[in-house]
Amino acid sequence: MPVRCQESPVLAGSATLATLGLMILYFAQPSTYGKLSPRSARGAPCLPARAAWFLQELPSFAVPAGILFQQPRFLFGPPETVLLGLFCAHYFHRTFIYSFLTRGRPYPAVILFQGIVFCIGNGFLQSYYLIYCAEYPEEWFTDIRFSLGVFLFILGMGINIHSDHTLRQLRKPGEVTYRIPQGGLFTYVSGANFLGEIIEWIGYALATWSLPGLAFAFFSLCFLGLRAVYHHRFYCKVFEDYPKSRKALIPFIF
């Protein structure tokens, strides 16, 4: 029996994402992991970074991929399956590539649990909307919103992957010291990796032209933008020779 779209969970999920974004802006306190871990929390239960990132990101791939693979033409099919495929592509990389390459600090178990819950909910929201609720015209593949959105998604993903690679090269295996990142967009901003992912999800929101996509892009802007600001402050505090012209998130502006 085919699943019928229920608008209530889509609206509730989108409102939840937007509310979480607003709460992040209101409290202005980023999640305490990585270089933002407070000294008082360093005795709390933690997992190795690679295992934690794998477990956290896995639901964002597994949930939509499971729904996507049930569709008759999940590859090169209608716009909704292609768009969900982009979502899966991002989280395939985060789950199976990024998580096994990262050289980050141990990851707090509490933050991991929160991340898993978020990834399950958001993965279901995006896939449920696209597969069971979205209705795109046959010419959507040639629509400027789809074309520009996919371009921004791919551009942002490329920036994100390149920036993560740059950060990894700052450390040898086993090191936990911090150094000033150089090259790429790090020439202009401290949060080049965050900027790349924000561009990705803005592109996704444009290509899907959906409330869940917009809500997720807004949440990502709030969550990652705040981390970029705090990372910038961290670098400026720790390194006396940190480039004065480098901004936090937006080149030459902010």
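I began with Gly77 and its accessibility. Gly77 counts as buried because its relative accessibility is 7%. I use buried for under 20% relative accessible area, exposed for over 50% and partly exposed in between, with a 1.4 Å probe and protein chains only. Gly77 sits in the loop between H2 and H3. I take helices (H or I, at least four residues) and strands (E, at least two) as DSSP runs, numbered from the N terminus. I then asked which residues Gly77 touches, not counting those up to four places away in sequence. They are Val82 and Phe141. Contact here means heavy atoms within 4.5 Å.

Notes on the source. The model is predicted, so I keep in mind that local features need pLDDT of at least 70, that side-chain atom pairs count only at pLDDT 80 or more, and that totals for chains, interfaces and linings use all residues. Residues are numbered from 1 along each chain as its sequence is written, and side-chain values use heavy atoms, with hydrogens and water left out.

Next, the fold. I find 7 helices and 2 strands in the chain. The order along the sequence is α-β-α-α-β-α-α-α-α. Along the principal axes, the C-alpha atoms fill a box of roughly 60 × 40 × 35 Å. I looked up the buried share too: 48% of the 254 residues. Of the contacts with a separation of 6 or more, 83% join residues 24 or more positions apart.

Surface and charge. The accessible surface is about 13300 Å², and carbon and sulfur atoms hold 67% of that surface. Areas come from the Shrake-Rupley method with a 1.4 Å probe; for residues, only the protein chains shown count as cover. I compared the mean positions of the 20 positive and 13 negative charges, and they lie 16 Å apart. Lys and Arg count as positive, Asp and Glu as negative; His and the chain ends are not counted. Each charge is placed at NZ of Lys, CZ of Arg, CG of Asp or CD of Glu.

Salt bridges. How many does the structure hold? I get 3. The criterion is a side-chain nitrogen of Lys or Arg within 4 Å of a carboxyl oxygen of Asp or Glu. Arg94 pairs with Glu57, with the closest N and O atoms 3.4 Å apart. Arg94 is in helix H3 (residues 79–101) and Glu57 in helix H2 (residues 49–68), 37 residues apart. Are these two buried or exposed? Both Arg94 and Glu57 are buried.

Asp164 also bridges to Arg94, at 3.5 Å between the closest N and O atoms. Asp164 is in helix H5 (residues 144–168) and Arg94 in helix H3, so this pair ties together parts 70 residues apart in sequence. Arg145 and Asp143 meet in a salt bridge at 2.9 Å, N to O. Arg145 counts as partly exposed, at 26% relative accessibility.

Last entry: Pro106. I place Pro106 in the loop between H3 and strand S2 (107–108). Pro106 and Ala49 are 57 residues apart in sequence, yet 4.9 Å apart in space, C-alpha to C-alpha. Leaving aside neighbours within four places in sequence, Pro106 contacts Cys46, Leu47 and Ala49.
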